[in-house]
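Here is a short report on a protein model. Look it over first, then read on.

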There are 4 protein chains.
Amino acid sequence: MIVNDTLYGVIDLRESLVLELLEHPYFQRLRRVSQLGLVQLVYPTATHSRFSHTVGALYLMQEALKVLLDKGIAISPAEQEAVCIAILLHDVGHSPFSHSLEFKLLDIHHEEISIALMEQLNEQFGGRLSLAIQIFKNQYPKKFLYQLVSGQLDMDRLDYLNRDSYFTGVREGKVGYERILKMLYVVDDSLVVEFKGIYSVENFLIARRLMYWQVYLHKAGICAGEMLTKVLERARYLATQKGEKWEHLPVSLQYFLFNQFNAQDLTDKTKSANILLHFTNLDDTDIWYALKIFAQNSDICLAYLAKGILERKLLKTEQQNHSFSRDHIENLRLINRQKFNISEQAAKNLVFTVKHANRAYNLNQQAILIYLGKDKAVRPITDWKEHNIQPKEVVKYYLCYPKTAQDLAENDPNFL
Amino acid sequence: MIVNDTLYGVIDLRESLVLELLEHPYFQRLRRVSQLGLVQLVYPTATHSRFSHTVGALYLMQEALKVLLDKGIAISPAEQEAVCIAILLHDVGHSPFSHSLEFKLLDIHHEEISIALMEQLNEQFGGRLSLAIQIFKNQYPKKFLYQLVSGQLDMDRLDYLNRDSYFTGVREGKVGYERILKMLYVVDDSLVVEFKGIYSVENFLIARRLMYWQVYLHKAGICAGEMLTKVLERARYLATQKGEKWEHLPVSLQYFLFNQFNAQDLTDKTKSANILLHFTNLDDTDIWYALKIFAQNSDICLAYLAKGILERKLLKTEQQNHSFSRDHIENLRLINRQKFNISEQAAKNLVFTVKHANRAYNLNQQAILIYLGKDKAVRPITDWKEHNIQPKEVVKYYLCYPKTAQDLAENDPNFL
Amino acid sequence: MIVNDTLYGVIDLRESLVLELLEHPYFQRLRRVSQLGLVQLVYPTATHSRFSHTVGALYLMQEALKVLLDKGIAISPAEQEAVCIAILLHDVGHSPFSHSLEFKLLDIHHEEISIALMEQLNEQFGGRLSLAIQIFKNQYPKKFLYQLVSGQLDMDRLDYLNRDSYFTGVREGKVGYERILKMLYVVDDSLVVEFKGIYSVENFLIARRLMYWQVYLHKAGICAGEMLTKVLERARYLATQKGEKWEHLPVSLQYFLFNQFNAQDLTDKTKSANILLHFTNLDDTDIWYALKIFAQNSDICLAYLAKGILERKLLKTEQQNHSFSRDHIENLRLINRQKFNISEQAAKNLVFTVKHANRAYNLNQQAILIYLGKDKAVRPITDWKEHNIQPKEVVKYYLCYPKTAQDLAENDPNFL
Amino acid sequence: MIVNDTLYGVIDLRESLVLELLEHPYFQRLRRVSQLGLVQLVYPTATHSRFSHTVGALYLMQEALKVLLDKGIAISPAEQEAVCIAILLHDVGHSPFSHSLEFKLLDIHHEEISIALMEQLNEQFGGRLSLAIQIFKNQYPKKFLYQLVSGQLDMDRLDYLNRDSYFTGVREGKVGYERILKMLYVVDDSLVVEFKGIYSVENFLIARRLMYWQVYLHKAGICAGEMLTKVLERARYLATQKGEKWEHLPVSLQYFLFNQFNAQDLTDKTKSANILLHFTNLDDTDIWYALKIFAQNSDICLAYLAKGILERKLLKTEQQNHSFSRDHIENLRLINRQKFNISEQAAKNLVFTVKHANRAYNLNQQAILIYLGKDKAVRPITDWKEHNIQPKEVVKYYLCYPKTAQDLAENDPNFL
């Protein structure tokens, strides 16, 4: 069984359980969840799906396993299958538009939903996913298997950097993944990288940082994502406070607008089943459809934002390294209240700030370890001062508000 | 004003009218129309939009104009703008899923809808599109401008081959477009190619042919497209014959299910306005949303097909060079009538044949002309017998019918 | 042990004998033999060596073996090593400038020299190359091993097409080698390709044909190669007829100028040892050095040609599909005899014709076989008429003669 | 007039003087000067020439000029031609093997030789290069023209990073040059980069740093280059101290072995003419030829080193961040004196240390300036603390000495 991927070419798929899971509707749904959400309003070619990302991460996992097995690391066939399943399903709990709507439809981290779905699948598949779940939860002794799935240098990151770089055309994010894979090794059940690969790891960390600021936290993309958030908040407000019925919205979207769930609710068996049922019914296409309905609504604020996303008429966005003054924000809200003749509450949905932080390398997480050779100590990459391992957090503040047509040209580096 | 494109890098956009049209909702809609429709069920990375294709074709047009101007061909600024607008809007009349649904929602060629939309835009923009429309309709004396937009070697084809090859990962479709562009020239108002570029043109024609059989007419993609067609036919049948109301479908989709239009209707001003209004409301996301509703319907045939597309459980598809025997088809229909307990009419939607033809080069269209140098005759490329210019039409027949799970693995070269 | 290759990334080398052979001076010499000879005068980036080509072909062999082993084909470790050695050494008998000087220094096909060198190495390595030699000579029962080394779809061709396309920048020659490799299989000890790969094979054959006419038989490259041939003929003539001593030339080059050898001479043990000693002393750098000496010589014809290569002042070259008229040639010789005041003999070295033929696919060689599935017959690719398998030989005639400065610009498509 | 380049595709060449210079033997010689010298012993595909690098840099210059002209910067046709000539000839004074032999054949920086050759060409071309020379010497008022040729972000660096990355296969060195070019601008006659390009510039600086440590200062490449240096030193020593005649060496190489020149000598007209005559006679092929002669010499040390380069049997090389102890070095020399039975002087040629420093960004040179928009101040890139602009010099020490066969495998990351 093979699949064509434009990054890696022909990918072989063998393990039958992996194939069965690929064909499952839960996984096929990821075809309709875009990997980068509304970033495609900034980078028009970035329309790739979470489906292709996950298959790509699976490919990298297969390659990593080959390298480790070749170097004599013991990984049983069952463990190989399990770690492949773990990477395949790691994102199955992603909301529509991926991160844009995470915590917005329901207040639960996508990994927790992934776990809930994996456990449901485990029941369907007669317990055959147990080992995969154990690895995914980092409860398995060979912790390098977990690290391959989730860590500061895992197959997920390797694929998404490469893939997002490829589809956005931001060349700076390209990572020499082949070389990194070749340099992987295991010492004391921990994933390590051979010293010869240190420049490739450094380049990976830098690429990740550049992708954050040029893509993931690009001001126009952040603005679009926040507009979407405000749309849902406003729609929920109209539903719960103003008696709006939203009868023409997709049923499962209604479910999340009229109810608010958090991680606690997943522990209740019945509630959980309902939540997962409606959750897996939703993908990007429901949200796009909802936006069209919202764009026709009589609520000026809701219609303005929904139409703005559909027609790519984004709010003007300023970005700076320190927070915006309260006065400046209040002033903008006042202006817009008058301009649109709307309530204070509504104005907050049109004029708002948001803050995002990123660090290239996190000292509080499991370090990336460098292997210096047999009988030599394994050391964290930060021991090499000459390398650009930047653990400092960088914070940026964004301020968004309605703009006039003239503003458009001046402000967006990537206009379309 | 620049835009990042993963194929061409940074694209400059200057002409203000081009920019205004780009920002128009009619054009922004193309972001939600996939370039290859359901081919993404075969090639999972082929999620690119008609929006990015059109911007790419615009880029190639800009480059072609530079080459021709450098070679001393007279093209006025107004003509340059017009031909850019013509290429920008050439696909604005595409249905959701591009070719998959062409002639299915309404019985009109996408170019005719493009023209109708261009004329409507021309009114909005005070006649500033008149020259572009003249070129697009091939009514302008300098016919090479039309040939750049639409011909056997136009900017549209150059971009879509490259782009579809890039996003599917089918390397065979890649075209050396830079070299072809450099070789363009104009003789007697006709577009010609310098002799030095003859191998590049040959390669372009071969690449196109390979893309047809490996991508555009790939049996799994054809099957998925036909399933979608049958879904709409069935939904329309249920609406018009069985009193199904389809109240939860998008309003504009209802409009096309309950009414059937053809090109003639575009000549009636009021009708045309309504058609275009509803048409421009629709994109892929409405169809995906409709599929979810259809998948819940009590009509077995409709639900089966809709679910099949959503979960990528495609019909089994056979492909051969001659037509399938009537007996074979009837037999399969009988089996499925019994298996699903459905009517003969419904069985036709589950078991069906379709035929597709392709020719690499069409002798009935304007020839690709080769330029041998000053004072030498311009000759059609087919004069060079050693080149693989293949004007013969190749026809393939497809037969689709419900399959069992086991069939799946055996038959699809590109499974996912 | 790994090596970086710009086409394939990181290549692993494991078998110790393969590594030992890589380090042998006979093999290291290939670093100084350019893959495409004087084609670099046409395509300035095509400076890659036969060394990197051979390592690349070795990589493809390793990948092909993995595919076949995965599909259950029995290939013992000894056979794997042997076929890797066979591909590694298949070009070890190449002359300086590869094909440009084949048969010119000595009248022996490069494969025969390769065999002689392999046999010499076999003695040095205590018989450990015997199996490799058996495979290389097609004397081993599992003939697919030979076919992987030498056939119409072997690892040699796959690498050189890709590599030459990559380094020349002639995109049309790029081949989707990954897909072809994945489709390899073995039936009755013959190498076959699964049906799903038929378009990739067709594309490979077309790419090869385009590379022939755009690169290998490009008129400026052919001209430069012929000029080099004429230089050596003239130098040999001066040595044997005019008493020129050539004392400053590299000793091993003198050896081949003053003696003429053919394949028969390799059967004489002493002669063979001497021939191989001098042969392995020579590489491109000796010829370049010799050209500098020739360029200073008092023989006008020799100096003209040598200087022409060094300074890229090539003869004017005409190319056509039929032979040039005797009158035209004689006339040009007469003109140049007068212009340069040289003998008739010398004029033949300045005005000459050459003919080259190419066929994309050779019906007289072992066919490329297509595998239709278990229990189905294996059929030659030419059975599919719709594919562009072009077995017809195409012949081109070249006429070269001294040109004036003005001619330069008009005639060379790729000037530099 | 066009040329194919595998990086940039088809390059147009128009200005007639640029073409004439391209055809000049001084420039054609660069075809036989490898861009990376003996780095090809580490990265076998890095066989590209300084010729192709220079043509590439010329291409980037043409593109940069287009961008600046489009933005309204005044650059006259004469200035355009001059800056193109300046970049074309900036490396014309490179020694064989580029940097490996710089200061070794003669003690003069390659730029000074470039200037001397440009001045000689200026005489031949009747003063038509005067403006180019003025720019090259930074004596022209519009200093951005100089900065395009030589600066911390010039066309030379942009091309060599891209090109060296491409040919070595070290992906980390790839630079998004298109985006950088688009962001160039001029303020107060200084070259600046628009703020939107700041990440691309950062990436460029990081890529450069990674290329230094992975390619230019790779320990095996440094070792090979130093071995070559020691070969020449030893040959010169044998010539001047031991009466070795070196009659079979290329005459122009003899000239530099028996005489030592420095920059001062270029000011003497006759001396200069002789130096330039012999200098332009030499290229890589002379050195390779000389190595073959040296490898046969009776001086053990010379033969050992020359053979080591020819057969890629490099010295063992250690690399560290601090200097090697005198004792360690002396001990190794003693061991090798005994092993080879050679003099102390010779032992120094077999056991030696070398030190290399690199800084990604040099605070002492003209800063890279960032442009924040009209009426806003231009600021140096180092003002942005969050970016990885690393001005600290990193120093590495290398120790090379004869190794045994076993050492080989263990030590070289990139073996071949």
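## A covered strand and its partner

In this predicted model, strand β1 of chain A, residues 2–5, is covered on both faces. I2(A) and N4(A) lie on one side, V3(A) and D5(A) on the other, and all four are buried. Buried means under 20% relative accessible area, exposed over 50%, and partly exposed in between, with a 1.4 Å probe and protein chains only. Helices (H or I, at least four residues) and strands (E, at least two) are DSSP runs, numbered from the N terminus.

β1(A) pairs with strand β2 of chain A, residues 9–12, in the antiparallel sense over four bridges. Two strands pair if DSSP finds at least two bridges between them. D5(A) stands opposite G9(A) of β2(A). Three residues separate β1(A) from β2(A), and the two strands form a hairpin.

Residues are numbered from 1 along each chain as written, while chains are lettered from A and ligands numbered from 1 in the order written. Local features need pLDDT of at least 70, side-chain atom pairs count only at pLDDT 80 or more, totals for chains, interfaces and linings use all residues, and side-chain values use heavy atoms, without hydrogens and water.

Contact means heavy atoms within 4.5 Å. Buried area is the accessible area (1.4 Å probe) that two parts lose on being put together, summed over both. A salt bridge is a side-chain nitrogen of Lys or Arg within 4 Å of a carboxyl oxygen of Asp or Glu.

| Item, chain B and chain D | Value |
|---|---|
| Residues in contact | 12 residues from chain B, 12 residues from chain D |
| Buried area | about 940 Å² |
| Carbon and sulfur share of buried area | 48% |
| Salt bridges | two |

V10(B), R179(B) and K182(B) supply 42% of the area that chain B buries against chain D, more than any other three residues. One salt bridge joins D12(B) to K182(D), with the closest N and O atoms 2.5 Å apart. On chain B, the elements giving two or more residues to the side that touches chain D are β1 (2–5), β2 (9–12) and α9 (177–183). α9(B) gives the largest share, four residues.

## A buried residue in chain D

Q147(D) sits in helix α7 of chain D, residues 143–149. Why does Q147(D) count as buried? Because its relative accessibility is 10%. Beyond its neighbours within four places in sequence, Q147(D) is in contact with several residues, including L153(D), D189(D) and Q366(D).
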